[in-house]
Amino acid sequence: MSKENSILKINNLQTSFFLEGDNEVKAVDGVTFDVPKGKTLGIVGESGSGKSITAMSILKLIGHPGKIKGGEILFNDQNLVESSEKEMRKIRGNRISMIFQEPMTSLNPVYTVGQQISESYSIHQGLSKKESKKKVIEMLKLVGIPSPEKRINQYPFELSGGMRQRVMIAMALACRPELLIADEPTTALDVTIQAQILELIRELQDELGMSVIFITHDLGVVAETCDYVAVMYCGKVVEYADVKTLFKNPRHPYTVGLLNSLPRSDMDQEELIPIKGTVPSPDDMPEGCRFAPRCPFATDLCREKLPNLDDIGDAEQIRCWIYTDEWDGDPEVKVYEPQK
Amino acid sequence: MKQPAEQTAVTEEKVQSPALKNMKDLVKKFKRNKPAVVGFYFIVILLLIAIIVTVLDRMFGVIVTPHHPNDINLIDRFTGPTAEYWFGTDHMGRDIFARIIYGMIYTLGIGFASVIMGALVGVPLGIVAGYYGGRIDNIIMRIVDVLLAFPGILLALAIVSILGGSLVNVTIAVAIYSIPGFARIVRGSTLATKKLEYIDAIRALGASDFRIIFRHILPNVLSPIIVNATLYIATAILTAAGLSFLGMGAQPPLPEWGAMLNDGRSFLRDAGHIALFPGLAILTVVLAFNIFGDGLRDALDPKLKN
Amino acid sequence: MTTYIIRRIFQLIPVLFGVTLFVFLLMHLTPGKPAQIMAGESAPTHVVERMEQRLGLDQPYHIQYVRFVSNIAQLDFGVSMRSNLPIIDEIRPKFWVTLELAIYSTILSIFIGIIAGIVSAVRRHSKSDIIIMLVALFGLSMPNFWLGLMLMQWFAINWGWFPPTGWGTPGQVVLPVITLGTAGAAVIARMTRSSMLEVISQDYIRTARAKGVKERVIIYRHALKNALIPVVTVIGLQFGALLSGTVLTETVFAINGMGRYVIDSIIARDFPAVQATIIIISVLFVFVNLIVDISYRYLNKRIDLD
């Protein structure tokens with residue numbers, strides 16, 4: 001991994017939720033990954049894999065009863081874990097922005113679109129309402145909202161889901177952030193709108209030269225939009241690779257499972273194979289590899305000991321015993337066989 | 001282990017109502033709320049005391065307090081709290097402590113009786129309105145609107161003004177006053193329950209409306225009814241006490257707490273304790289019902305608890 | 001919006017019909033001839049008959065009702081049995097006293113309730129939250145007439161800070177308004193708190209945080225405006241509770257308002273006066289609720305159109 005060019009580098013991030021009776025749920029348990037400058041990193045995983053919590057941790061928006069327990073979040077060499085709330089506020093919406101899954105509920109219903117976007121300018125650039133108005137209109141134009149002069153006076157309820165998500169994007173990009181975190185931005189939208197929004201994010205990324213973290217459970221979206229991929233399972237990254245490698249040569253059995261359960265246009269599939277079993281519940285975590293109970297290749301070693309996230313190749317990392325010297329199963333095991 | 005025969009033979013019994021699970025859940029959640037549990041046991045204890053002392057008095061003529069609640073003792077009148085008279089005596093020298101103990105049955109009795117009566121009318125109205133909808137719903141809800149148009153104690157006052165002031169009439173008045181609340185809440189829950197898929201499933205199996213209402217809707221709306229009833233008892237007690245305070249409720253010499261407050265009114269300057277203790281008694285009981293009811297409501301709808 | 005307002009106004013018609021019918025029937029549901037009761041039990045037959053003629057009580061019910069309603073529409077409530085004066089003239093000054101009392105108390109309860117609710121929500125689980133919620137629970141559980149008596153005993157009689165009775169001077173206003181406003185403040189505080197907490201957990205608050213908005217600005221700009229919308233409904237209901245609560249408060253503080261007038265009229269069996277007061281208070285309440293509903297709808301229209 002080319003470390004000098006990372007805009008964001010996360011090391012061993014741990015975020016837990018502390019429930020009643022000293023019950024700790026480790027939602028993010030030692031996550032490590034890099035976001036190369038100007039590129040898009042996809043974070044993939046099922047719900048409950050900790051991908052959204054990771055995103056919220058980056059902006060330190062984890063509220064009670066959650067807490068970042070340890071690790072580093074290096075944003076241009078500034079460790080956000082150590083940063084004060086005041087320092088974080090200067091970063092949020094200014095240098096790192098976030099858009100969310102639910103455009104329907106993510107806008108404040110009692111303020112107009114214009115008021116909500118211009119707030120970013122007044123917070124981070126100290127602009128007055130008049131000064132920011134032109135910028136707001138510009139921004140709305142940029143995200144492809146027709147007749148923005150009229151739209152700025154509308155309330156969220158007057159807009160469709162797709163339009164609201166465009167407003168969210170305009171709001172997030174208002175201050176031209178260096179990093180945009182998009183947490184399943186298209187999940188709640190119609191398929192046709194989804195494609196438009198994805199296209200929009202990609203265009204804006206080129207135009208503004210920002211880096212993007214794209215959180216999704218949809219590998220199809222990853223293939224279309226991302227340069228790098230981190231696959232998460234149960235609060236841990238299990239595989240990190242560039243997108244081509246990941247799709248051509250997936251290594252982790254979980255990644256393979258995800259790919260096999262995905263309809264692909266680039267090859268003939270006889271059938272879609274779902275991953276067996278279900279995600280373990282947080283209070284019943286397996287001792288060894290988190291994926292061992294569902295893994296077709298699991299051995300005693302997998303069930304007993306947790307593998308590390310090891311570098312493999314230039315810019316790839318994998319958390320699986322199969323690729324280590326200690327592997328006690330079939331040395332010739334083929335994790336992935338492309339279907340022809 | 002599944003037997004295929006059982007899967008094909010779908011009967012009404014197999015379509016599980018979520019109601020039973022809800023009730024168990026409610027009790028479990030409620031038990032975690034310590035103040036609410038204390039409130040509950042406090043009410044139970046008060047109720048037991050009230051019933052026991054009343055039964056002992058009426059059936060065996062046994063008075064458990066040091067003085068008889070209605071014994072007039074003019075020599076000792078206006079005595080402040082002492083070892084002999086814990087809460088002092090009133091303007092006729094009656095023992096306020098004894099009167100509060102023996103008045104408890106009226107306060108609790110009016111509370112429970114009026115809410116049960118109100119529920120007996122309000123719940124069927126709400127279910128019928130919610131279940132059948134349309135014109136029936138419209139008519140019932142308009143009647144409810146009319147009852148709701150009389151704010152607070154005013155409806156009860158109007159009713160007492162027809163029926164005349166007495167303990168029974170106050171109970172009836174407060175009962176009528178609680179009907180609209182029950183009808184509205186039950187109608188809402190019925191509408192929500194009606195939308196559940198399993199109700200459709202049961203209807204598809206050919207169950208009659210009557211059966212659906214009694215076996216499936218009613219158990220599902222029970223939790224909100226209980227919560228509402230508990231909180232309503234608190235209001236009922238306050239309303240009834242208010243009516244008695246106005247002289248429209250319990251008549252002398254009944255040791256009803258609201259009426260005792262009315263007695264104490266005239267002696268605030270020299271014997272404030274006459275008004276103090278009955279008020280504290282009402283406050284304590286109503287507080288217990290409110291804490292208990294809050295706990296139930298939070299258990300029922302955790303969204304409201306924060 | 002306009003269609004909504006028109007529809008709501010049309011919905012008032014059955015309610016007003018029901019209210020007037022109920023109040024009309026008040027007199028006729030009373031055991032015994034109304035005229036006999038009003039004239040006194042010992043009044044000779046010819047006096048009673050003359051009274052029936054004068055009041056139109058000898059006419060068929062439906063004619064009586066139509067006349068009753070058309071008179072009310074012209075603000076003609078008939079003549080008081082006690083004073084022989086037109087009731088509307090008797091009520092007019094009392095109406096303003098009661099309205100003043102209710103409005104001041106509403107303002108007090110909104111002011112204190114909202115501030116306390118916000119503090120509680122913002123400092124959730126802190127000492128101030130616990131104390132505020134405890135005080136609110138007590139305020140809600142207290143019979144307000146008892147609170148009035150206690151305030152009067154200490155602040156008026158014992159310490160002489162305020163006059164114990166009457167209405168008009170600023171000093172006379174303080175105790176009755178606190179008495180009447182306390183329960184409302186408690187209800188509004190609880191509602192504000194839970195509404196505030198619900199809003200704080202909404203997605204758009206997360207959006208604001210992600211934008212870098214200060215926590216204080218989030219509370220007062222982003223959350224409060226949304227949180228107060230449901231509180232508006234509660235305020236409307238509280239106004240009704242306050243209107244009826246004036247009956248007790250006015251009795252405690254000997255205030256010459258409509259509340260006391262209705263009690264005196266009930267005791268004197270002055271039915272026309274009772275009817276007039278109940279109708280005026282109810283109609284006022286119905287219209288306040290109409291305004292509240294419309295403003296709620298207006299405030300809420302941006303929120304749920306889905």
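**Figure 1. A:Ser97, a buried residue in a predicted model.** A:Ser97 is buried, with a relative accessible area of 1%. That counts as buried because the cut-off is under 20% relative accessible area. The model shown here, as in every view below, is predicted. A:Ser97 sits in strand β6 of chain A, which covers residues 96-99. Its side chain reaches the backbone oxygen of A:Ala172 at 2.5 Å. A:Ala172 is also one of the residues that A:Ser97 touches.

**Figure 2. The open sheet of chain A.** Eight strands line up in the order β6-β7-β8-β3-β9-β10-β12-β11, with mixed pairing. The edges are held by β6 and β11 (310-312) of chain A. Each has a single partner strand, so one side of each lacks a neighbour in the sheet. On average, neighbouring strands are turned by 20° against each other, direction ignored.

**Figure 3. Strands β9 and β10 of chain A.** Strands of a sheet pair through backbone hydrogen bonds, in parallel or antiparallel fashion. Here β9 (residues 228-233) and β10 (residues 236-242) of chain A pair in the antiparallel sense. Six bridges join them. A:Tyr233 has A:Lys236, in β10(A), as its bridge partner.

**Figure 4. Helices on the sheet of chain A.** Helix α6 (residues 161-173) of chain A packs on the sheet and touches β6 and β7 (179-183) of chain A. The direction of this helix makes about 170° with that of β6(A). Helix α7 (residues 191-208) of chain A lies across β3 (40-44), β6, β7 and β8 (211-216) of chain A. Helix α7 of chain A runs at about 160° to β8(A).

**Figure 5. Two nonpolar cores.** The largest nonpolar core has 142 residues. B:Leu157, B:Leu243 and C:Ile278 touch the most other members. Helix α9 (residues 209-245) of chain B gives the most to this core, with 17 residues. A second, separate core holds 110 residues, including A:Val31, A:Ile99, A:Val136 and A:Phe214.

**Figure 6. Helix α11 of chain C, mostly covered.** This helix spans residues 258-267, and seven of its ten residues are buried. They are C:Met258, C:Gly259, C:Tyr261, C:Val262, C:Ile263, C:Ser265 and C:Ile266. The cover over them includes α6 (153-163) of chain B. It also includes α5 (87-122), α10 (215-252) and α12 (271-300) of chain C. Just after α11(C), C:Arg269 takes a positive phi of about 55°.

Figure 7. An unreviewed UniProt entry places the feature "transmembrane region" at residues 36-56, 100-132, 139-160, 166-186, 225-251 and 271-293 of chain B. Residues 36-56 of chain B are 100% helix, with end C-alpha atoms 30 Å apart. Residues 100-132 of chain B are 100% helix too, and their end C-alpha atoms lie 47 Å apart. For chain C, UniProt (unreviewed entry) gives this feature at residues 12-30, 101-122, 134-157, 169-189, 227-253 and 273-292. Over residues 12-30 of chain C, the chain is 95% helix and 0% strand, and the end C-alpha atoms are 27 Å apart. Residues 101-122 of chain C are 100% helix, with 31 Å between the end C-alpha atoms.

Conventions. Residues are numbered from 1 along each chain as its sequence is written. Chains are lettered from A and ligands numbered from 1 in the order in which they are written. This is a predicted model: local features need pLDDT of at least 70, side-chain atom pairs count only at pLDDT 80 or more; totals for chains, interfaces and linings use all residues. Side-chain values use heavy atoms; hydrogens and water are left out. Helices (H or I, at least four residues) and strands (E, at least two) are DSSP runs, numbered from the N terminus. Buried means under 20% relative accessible area, exposed over 50%, partly exposed in between (1.4 Å probe, protein chains only). A polar contact is a pair of N or O atoms within 3.5 Å; within protein, one must be able to donate a hydrogen and the other to accept it, and residues adjacent in sequence count only if both atoms are side-chain atoms. Contact means heavy atoms within 4.5 Å. UniProt positions are given in the numbering used here, feature names are shortened, and annotations may be inferred rather than shown by experiment. Two strands pair if DSSP finds at least two bridges between them. Axes are lines fitted to C-alpha atoms, for helices over the stretch in contact, and angles run from 0 to 180 degrees between N-to-C directions. A nonpolar core is a set of buried Ala, Val, Leu, Ile, Met, Phe, Trp, Tyr and Cys residues joined through side-chain atoms within 4.5 Å. Lists of a residue's contacts leave out its neighbours within four places in sequence.
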